[in-house]
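User: I'm new to reading protein models. Can you walk me through this one, starting with its core?

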Amino acid sequence: MTDTVVVIYSGGMDSYTLLHLARERGYQVHALSFNYGQRHVRELECARSVCEALGVPHKVIDIRAMSEVMAGSSLTSDIDVPEGHYEEDSMKATVVPNRNMILLSLATGYAVTAGAGAVWYGAHGGDHAIYPDCRPEFVDKMDAVCRVANYEPVGIEAPFMTMDKGQILAEGLRLGLDYAQTWTCYNGRERACGRCGSCVERLEAFAANGVKDPLDYEAAS
């Protein structure tokens with residue numbers, strides 16, 4: 001059994017925690033990030049900086065050429081990012097069509113190349129109602145497919161599947177992580193907006209843990 005995993009690393013707080021959890025568990029980690037035209041591309045800068053500091057092999061794959069078949073999301077298209085707490089009707093606007101299936105497929109190819117036995121990604125319990133590609137049934141089926149798609153079986157794992165963002169943050173605080181090295185806001189501005197669903201959920205996670213978020217916000221939600 002290989003001790004190497006590929007971690008899909010966006011540069012956000014969930015994947016940042018996941019990256020460090022894999023390292024704590026003794027895995028050799030290859031980090032893989034994607035530029036799919038997201039307006040919050042600043043998270044990729046965070047990912048690069050963290051991996052350089054840790055000495056973790058890191059690849060950033062540019063898939064912006066696929067934008068024509070991944071259009072219609074407020075994260076990639078000229079559509080306003082919804083504000084306020086995650087609600088299914090409004091936050092559907094942030095769904096990038098088939099994103100995780102595409103990213104996991106590419107990551108599986110990289111895992112075969114790198115000799116990794118699994119791909120980890122940061123889907124969590126708070127995503128289930130909104131994002132179909134973060135639900136347990138999706139992970140189970142992707143895992144089954146990726147184990148038979150190549151000569152070398154590659155598992156798909158989502159270690160945070162049963163956790164909410166507050167619990168993920170608690171795990172990161174246990175690891176002593178600095179969340180100033182992450183970016184969560186869906187808007188691509190200099191400071192986090194504090195109003196989009198992603199910011200609101202992040203701020204709630206810090207409040208639940210009794211800790212101040214180290215990021216600078218335009219406005220606290």
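User: Which residues touch the most other members of the largest nonpolar core?

Analyst: A nonpolar core is a set of buried Ala, Val, Leu, Ile, Met, Phe, Trp, Tyr and Cys residues joined through side-chain atoms within 4.5 Å; buried means under 20% relative accessible area with a 1.4 Å probe, protein chains only. This is a predicted model, where local features need pLDDT of at least 70, side-chain atom pairs count only at pLDDT 80 or more, and totals for chains, interfaces and linings use all residues. Residues are numbered from 1 along each chain as its sequence is written, and side-chain values use heavy atoms, with hydrogens and water left out. Of the 36 residues in the largest core, the ones touching the most other members are V6, I8, L104, V119, Y121 and I156.

User: Which helix gives the most to this core?

Analyst: Helices here are DSSP runs (H or I, at least four residues), and strands are E runs of at least two, numbered from the N terminus. Strand 1, strand 2 (28-35), helix 5 (136-148) and helix 7 (197-208) are among the elements that each supply at least two core residues. The top giver, with five residues, is helix 4.

User: Is L18 buried or exposed?

Analyst: L18 sits in helix 1. Contact means heavy atoms within 4.5 Å, and beyond four places in sequence L18 touches residues including W120, Y121 and F160. Because its relative accessible area is 0%, L18 is buried.

Definitions and conventions: Buried means under 20% relative accessible area, exposed over 50%, partly exposed in between (1.4 Å probe, protein chains only).
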